Amino acid sequence: MRPILMKGHERPLTFLKYNREGDLLFSCAKDHTPTVWFADNGERLGTYRGHNGAVWCCDVSRDSMRLITGSADQTAKLWDVQTGTQLYSFNFDSPARAVDLSVGDKLAVITTDPFMELPSAIHVKRIARDPSDQTGESVLILKGPQGRINRAVWGPLNRTIISAGEDAVIRIWDSETGKLLKESDREIGHKKTITSLVKSSDGSHFITGSLDKSAKLWDIRTLTLIKTYVTERPVNAVTMSPLLDHVVLGGGQDASAVTTTDHRAGKFEAKFYDKILQEEIGGVKGHFGPINALAFNPDGKSFSSGGEDGYVRLHHFDPDYFNIKI
């Protein structure tokens, strides 16, 4: 596979997201400027200017008209995808970390970091069809988890919200009442910070990656642990193929430990695992630093990775990939 190298960010990548058709790829980085690319050839289409802090996360509406971004500048912003115009800014008292649009794009869940005396929180906001009707009021605010909440996503039919973060516990909340419904078992769950959480394309299960050097597959309704994938370094990003039973893990040492190890050891590869057998089946090298973001194209024929090195690498699979026999 010849990767396409996309150099548009000055600072480390934080998040990657394809739109539903898989023709656009949105990238977030610590350089304040979310960027949109053509997903087939890696051509840069444009940037969204307005944040003045690292952008941690983004989501795009089903019709690819709206983009929402969460940033360290204590705002989450709504954008017009096509024109790059900022439509609305949700202002918080602490950095906005994770954002996720509900099915139907009428609601957004936004998490905010602990800051000064404020605890971390999960906010549910209504997204107006017409930007001029948009308000900043929260439909629901959830508090409870200790430490930062790195990811919050909508569960099936928007009835629940699934959150995970620094305290290594996955929680399922009722999105109407805000009641805590389930927590992952500390015995079988992650032992360190959960860095990433991605749902399967059919929404029946999800995968979490953690600094405890593992990724875990969970049932989205019962929070039953299905599979565990073990690797030899912290996992910063995870994704699943929508086509094949493949799971991809990305990571590397902490940025502080990188200088002491040999780059040529190729520790910064995206590792492919068999989803069922939990065995490693291959890897894709290339980044000069830990991988912080991974995303699979919804058609399953390509994937992209974003690294501490500021590059997005876009990989279109060779035909052989689809015939891997184990």
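Strands here are DSSP runs of E at least two residues long, numbered from the N terminus. With that in hand, A168 falls in the loop between β15 and β16 (171–174). The model you're looking at is predicted, and the protein has 28 strands and zero helices. Here's a quick tour, from the overall fold down to a handful of residues.

**Overall build**

- Of the 326 residues, 57% are buried.
- Take the contacts between residues at least 6 apart in sequence: 43% of them join residues at least 24 apart.

**Surface and charge**

- The protein has an accessible surface of about 14,500 Å², and carbon and sulfur atoms account for 49% of that.
- There are 40 positive and 41 negative charges, and the mean positions of the two sets sit 2 Å apart.

**Cysteines**

- A disulfide is a covalent bond between the sulfur atoms of two cysteines.
- Searching the whole structure turns up zero disulfides.
- C28 is in no disulfide, and its nearest cysteine sulfur, in C58, is 3.5 Å away; the cut-off for a disulfide is 2.5 Å between the sulfurs.
- C28 is also buried, because its relative accessible area is 0% and buried means under 20%.
- For C57, the closest cysteine sulfur is again that of C58, but at 6.3 Å it is too far for a bond.
- C57 has 2% relative accessibility, so it counts as buried.

- S64 isn't a glycine, yet its phi is positive, near 60°.
- You'll find S64 in the loop between β6 (55–60) and β7 (66–71), and at 12% relative accessibility S64 counts as buried.
- N158 isn't a glycine either, and its phi is positive at about 60°.
- N158 belongs to the loop between β14 (149–154) and β15 (160–165); with 17% relative accessibility, N158 counts as buried.

**Around A168**

- A168, the loop residue from the opening, has a relative accessible area of 7%, so it is buried.
- Setting aside residues up to four places away in sequence, A168 touches S184 and I194, along with the run of H190, K191, K192 and T193.
- Compare A168 with S102: they are 66 residues apart in sequence, and their C-alpha atoms are 24 Å apart in space.

**Around A98**

- A98 sits in strand β10, which covers residues 96–101.
- At 1% relative accessibility, A98 counts as buried.
- Leaving out neighbours within four places in sequence, A98 is in contact with C57, V109, I110, T111, N150, R151 and A152.
- That list includes C57, the cysteine whose sulfur is 6.3 Å from that of C58.
- A98 and G310 are 212 residues apart in sequence, with 20 Å between their C-alpha atoms.

Definitions and conventions. Residues numbered from 1 in each chain as written. Predicted model: local features only at pLDDT ≥ 70, side-chain atom pairs only at ≥ 80, totals over all residues. Heavy atoms only, no water. Helix = DSSP H or I, 4+ residues; strand = E, 2+ residues; numbered from the N terminus. Buried < 20%, exposed > 50% of the residue type's maximum accessible area, 1.4 Å probe, protein only. Contact = heavy atoms within 4.5 Å. Areas by Shrake-Rupley, 256 points an atom, 1.4 Å probe, with all protein chains shown as cover. Lys, Arg positive; Asp, Glu negative; His and termini not counted. Charge placed at Lys NZ, Arg CZ, Asp CG, Glu CD.
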